[in-house]
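Please keep the sequence and the coordinates side by side while reading.

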Amino acid sequence: MPNRFTGTRRPASLALRVTALVGMATTLVFLAFSWIIVRSLEHHFAEQDAGELRAVADAVIKPLREAGRGVDGALLRRQLAGAVTGHHGVFYYVADTAGNTVYAGQGPNLSPIAAGGQPTARIDARELATWQEGGKSYRGAVLRVDGNAGLSGDPYIVAVAMDIDLHLSFLEEFKRMLWWATCIVLCIALLVAWLAVQWGHRPIRKVNARIRAIRSSQLDVRLNPREVPIELAELVASFNDMLGRIEDGFAQLSNFSADIAHELRTPVTNLTTQTQVALGQSRSAGEYREILYSNLEEFERMGRMIGDMLFLAQTENDPHNLHRVEVELGETVKGLFDYFEALAEDRNVSLHLQGRAGSIAADREMLRRALSNLLSNAIRHTPHGAAVTVRLSQDEERTVVSVENPGKKIPDEDLPRLFDRFYRVDPSRQRKGEGAGLGLAIVKSIVEAHGGEVRAASDDALTRFDVVLPRTS
Amino acid sequence: MKLLVVEDENKTADYVRQGLMEAGFMVDLARNGLDGHHLAMSEAYDLVILDVMLPDVDGWRIVQSLREAGQQVPVLFLTARGGVDDRVKGLELGADDYLVKPFAFSELLARVRTLLRRGSAPNHPDRIQIADLVLDLPRRRATRAGHRINLTSKEFALLELLARRQGEVLPRSLIASQVWDMNFDSDSNVIDVAIRRLRAKIDDAFEPKLIHTVRGMGYTLDAPDAE
């Protein structure tokens with residue numbers, strides 16, 4: 001069988017969707033987390049560096065403040081060189097406002113920093129400059145030092161810097177570690193998500209295995225909605241419903257085959273027996289003719305039954321094969337009354353039409369056939385002297401044709417089965433030339449092909465069949 | 001009248017031929033589509049009866065060839081399928097009528113006669129007389145032996161049908177279809193009752209009896225042979 005679904009693309013698997021989402025969420029959360037940690041570490045280092053630079057700067061500024069105007073340059077340099085003790089990896093540089101170097105310590109050349117930087121009065125952790133020189137990284141600041149007013153000292157520009165390679169390499173190391181941690185956590189998250197999905201889908205696979213095990217011989221099995229997670233309960237319930245409908249259909253079908261066999265067996269047995277007996281001894285031409293006539297009647301009945309069954313099969317297999325035209329219901333019923341008039345009068349039954357309905361779109365022949373079956377049925381079951389009433393009514397949604405006749409109550413348990421094929425309320429009626437028991441089944445199949453429904457109701461006084469047809473279908 | 005029957009089912013073919021020959025027709029029988037196609041195209045027939053389902057050249061093809069060749073010979077289809085589609089297709093291709101298997105032979109005969117009559121000059125007399133029964137068609141009145149008979153319009157239509165086809169056996173289904181436009185198997189009892197009531201008015205008080213029941217076949221209206 002060719003696959004009907006080629007050409008439609010399969011959506012991504014549920015496992016893939018869930019896993020991908022979990023992976024994405026984990027990665028995002030971890031990246032954000034890492035960013036925050038790294039930022040706060042950097043901030044912490046900057047604060048620490050600023051504190052150290054501040055201490056260095058204070059030590060450098062002290063001799064500058066104490067020096068007055070016209071101080072001895074060599075003495076000042078000596079004082080400056082010895083100003084900072086106990087600090088490693090810190091460098092400083094002092095210049096006057098004109099840019100002349102007052103003191104330059106060892107280490108990186110700080111004069112461009114001092115010349116280019118915007119000098120501030122205080123070292124702030126957020127305004128530290130970082131740069132690289134000679135393969136090393138430095139962090140530093142430029143300060144402006146006002147001279148001692150009392151001593152009419154000159155203002156100076158002081159640049160302080162420190163080697164931050166150690167901090168940077170620590171941060172690098174830390175970032176790498178975070179990266180690895182992210183990767184590992186991602187892998188774990190994906191694995192867990194995958195396992196969770198697989199585990200979560202286990203009920204689906206279990207249900208699937210049970211569905212797969214259902215054979216046409218055991219359509220009575222039902223899945224227990226309590227055995228599955230709540231999310232699947234509805235699916236299981238729908239499946240059970242479907243199974244129920246299939247079971248009904250199957251039962252009907254197999255009953256139908258059994259019924260056909262039964263219905264055909266009786267006339268065939270009769271014909272065989274009769275023919276064998278007839279051939280048992282030679283008879284007159286008149287007798288042979290009698291036998292042939294009798295056979296003919298039986299054949300005709302079988303032919304009608306086959307025709308009816310074919311009609312049913314066609315209507316049910318292809319319910320959309322209708323030739324819809326505008327049908328005037330009142331006219332149609334009157335036409336049928338014309339046809340049944342003789343039969344009704346013969347049985348002293350009168351026919352009445354009540355109510356009115358606009359025209360509907362229907363297959364004329366089929367509708368006539370359905371109504372004719374109902375009328376014929378009603379006339380047959382109406383006592384002498386009584387009346388069959390056809391009632392038309394219509395509202396915005398539907399059109400109802402009711403066929404009513406007084407008569408014996410049909411037992412409640414028989415009502416729903418009236419429209420089944422070969423169903424007869426009174427089994428003894430079977431072979432009294434009252435049709436094959438397909439008349440109401442045909443009514444039902446025609447009405448359902450039109451998108452409508454048939455109903456039967458019966459009480460002690462009245463039996464009523466309703467044909468309900470939708471206005472638009 | 002010469003008919004061609006194309007039918008591959010042996011028993012059906014034999015009985016159809018025998019029945020038609022006994023009804024006074026000349027019948028050629030083709031048991032496959034190829035022979036049928038050849039005969040239909042080369043010989044002149046008054047009517048062709050075609051089975052749709054043939055193993056080689058099917059009935060559709062034959063009727064198509066006939067119509068393409070401009071032959072207007074009436075064609076009656078026999079189909080095992082009662083599908084509306086088949087029906088529509090057959091009629092669209094140029095068939096004149098169809099009959100769904102299983103069919104009653106009387107039905108086939110009646111349809112054949114209808115189709116053959118269709119070709120001949122239309123016969124619309126104002127008055128039909130059979131023995132002492134007289135039908136005045138324009139005024140829709142019937143008299144028997146000079147007595148006016150009161151008939152309902154449907155009873156008159158039924159009598160007119162029987163009278164127009166005097167001597168032919170009309171099956172119940174044909175009567176239902178022609179008089180009441182009931183083109184499906186309905187309560188055949190209705191026709192029996194209608195005929196009985198008509199008989200009560202036409203025949204009960206008079207001799208000779210004109211309406212006859214042909215057991216297993218249908219009804220016919222005819223005067224007894226005047227000898």
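Two strands are taken as paired if DSSP finds at least two bridges between them. With that in mind, and remembering that this is a predicted model, one can begin with strand 6 of chain B, which is joined to strand 7 of chain B (residues 133–136) by four bridges, the two strands running antiparallel. Within this pair, B:Ile130 has B:Leu133 of strand 7 of chain B standing opposite.

The pairing continues from strand 7 of chain B to strand 8 of chain B (residues 141–144), again antiparallel and with four bridges, and here B:Val134 has B:Thr143 in strand 8 as its bridge partner. These two strands form a hairpin in which four residues lie between them, and B:Arg140 in the turn has a positive phi of about 50 degrees. Strand 8 of chain B then pairs with strand 9 of chain B in the antiparallel sense over three bridges, with B:Ala142 opposite B:Ile149 of strand 9. This hairpin has two residues between its strands, and the turn residue B:Ala145 has a positive phi of about 50 degrees. Taken together, the strands make an open sheet of four strands in the order 6-7-8-9 of chain B, with antiparallel pairing. Its edge strands, each pairing on one side only, are strand 6 (127–130) and strand 9 (147–149) of chain B, and the twist from one strand to the next averages 25 degrees.

Among the contacts in chain A between residues at least 6 apart in sequence, 67% join residues that are at least 24 apart.

Strand 7 of chain A runs parallel to strand 9 of chain A (residues 387–394), to which five bridges join it, and A:Leu353 has A:Val390 in strand 9 as its bridge partner.

Elsewhere in chain A, helix 4 (residues 165–212) and helix 5 (residues 230–280) pack at an angle of about 10 degrees, with their axes 12 Å apart. Because angles under 35 degrees count as roughly parallel, helix 4 of chain A is roughly parallel to helix 5 of chain A. In their contact, A:Pro203, A:Ile204, A:Val207 and A:Ile211 of helix 4 meet A:Leu232, A:Val236 and A:Phe239 of helix 5, and by class this contact has seven nonpolar, no polar and no charged residues.

Finally, how many residues of each chain take part where chain B is in contact with chain A? There are 21 residues of chain B in contact with 23 residues of chain A. On the chain B side, the elements that give two or more residues are helix 4 (84–93) and helix 8 (189–202) of chain B, and helix 8 of chain B gives the most, with five residues. By class, this side of chain B has nine nonpolar, six polar and six charged residues.

Definitions and conventions:
Residues are numbered from 1 along each chain as its sequence is written. Chains are lettered from A and ligands numbered from 1 in the order in which they are written. This is a predicted model: local features need pLDDT of at least 70, side-chain atom pairs count only at pLDDT 80 or more; totals for chains, interfaces and linings use all residues. Two residues are in contact if their C-beta atoms, placed from the backbone, lie within 7 Å. Ala, Val, Leu, Ile, Met, Phe, Trp, Tyr, Cys and Pro count as nonpolar, Asp, Glu, Lys and Arg as charged, and the others, Gly among them, as polar. Axes are lines fitted to C-alpha atoms, for helices over the stretch in contact, and angles run from 0 to 180 degrees between N-to-C directions. Angles under 35 degrees count as roughly parallel, over 145 as roughly antiparallel, 65 to 115 as roughly perpendicular and the rest as oblique.
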